Amino acid sequence: MRIESVFAHCDIPCKIYDPVSAQIAGLTVVRLLSLMANLSANEKTSLENQHEMSRLTAQKEEHASLVKSEIATIWGDYFKKNHLEQYSEIHDVSHSIMAKASTCKQSMAIDRGLELVELLNDFAEIFWSSKSIKCERVVCPYPPELSIVRPILAKA
């Protein structure tokens with residue numbers, strides 16, 4: 001008797017994919033960059049300020065890494081051949097997110113964080129479109145109060 005091989009699309013497979021974790025991490029990067037800019041504008045170089053800058057930097061880098069991890073998982077596990085044919089730009093968008101997140105880790109420039117959030121929104125639009133789910137851009141009710149793409153879910 002021959003046993004046919006089967007392959008799951010992810011490690012579990014969980015079928016739970018959502019770019020929102022990456023988007024929140026991207027917003028957090030922007031917020032941390034803003035806090036870092038405010039702290040560096042303060043001319044005091046006290047040990048307390050140095051400690052705060054170290055903490056902000058560590059968190060910024062952790063959240064930028066989370067962006068990369070979340071996007072790599074969706075890019076690698078969710079998007080299949082049929083998606084890639086229909087949304088061929090997903091490779092460029094995903095790679096750009098990886099590069100921009102790395103740049104955010106290396107820099108204190110808030111513009112780079114804003115660009116990262118915009119790329120994440122582009123990714124989210126492609127992702128939701130691939131599921132035939134409409135989405136919208138809304139301003140988050142918390143700092144940094146940027147627009148984020150979210151799905152329009154049916155009411156229960």
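**View 1. Helix α1 and what covers its buried residues.** The buried residues of α1 are covered by elements that include α2, α4, α5 and the strand β2 (147-151), where contact means heavy atoms within 4.5 Å, and where helices (H or I, at least four residues) and strands (E, at least two) are DSSP runs numbered from the N terminus. This is a predicted model, in which local features need pLDDT of at least 70 and side-chain atom pairs count only at pLDDT 80 or more, while totals for chains, interfaces and linings use all residues. Residues are numbered from 1 along each chain as its sequence is written, and side-chain values use heavy atoms, with hydrogens and water left out. Among the buried residues of α1 are Leu 27, Val 30, Leu 33 and Met 36; buried means under 20% relative accessible area, exposed means over 50%, and partly exposed lies in between (1.4 Å probe, protein chains only). An α-helix has 3.6 residues a turn, so residues three or four places apart point the same way.

**View 2. Helix α2 along its length.** With 32 residues, α2 reaches 46 Å from its first C-alpha to its last, close to the 46 Å expected at 1.5 Å a residue, the expected span being 1.5 Å times one less than the number of residues. Its buried residues, including Met 53, Leu 56, His 63, Val 67 and Ile 71, pack against α1, α3 (81-86), α4 and α5.

**View 3. The largest nonpolar core.** This core has 32 residues, and those with the most contacts inside it are Val 67, Ile 71, Phe 79, Ile 97 and Phe 123; a nonpolar core is a set of buried Ala, Val, Leu, Ile, Met, Phe, Trp, Tyr and Cys residues joined through side-chain atoms within 4.5 Å. At least two residues of this core come from each of α1 (20-41), α2 (47-78), α4 (90-106) and α5 (110-130), and α5 gives the most, with eight residues. When its neighbours within four places in sequence are left aside, Ile 97 is in contact with Val 67, Ile 71, Leu 116, Leu 119, Leu 120 and Phe 123.

View 4. Cys 135 is in no disulfide, as the nearest cysteine sulfur, that of Cys 140, is 14 Å away. Cys 135 counts as partly exposed because its relative accessibility is 27%, whereas Cys 140 counts as buried because its value is 6%.

Definitions and conventions. A disulfide is a pair of cysteine sulfur atoms within 2.5 Å.
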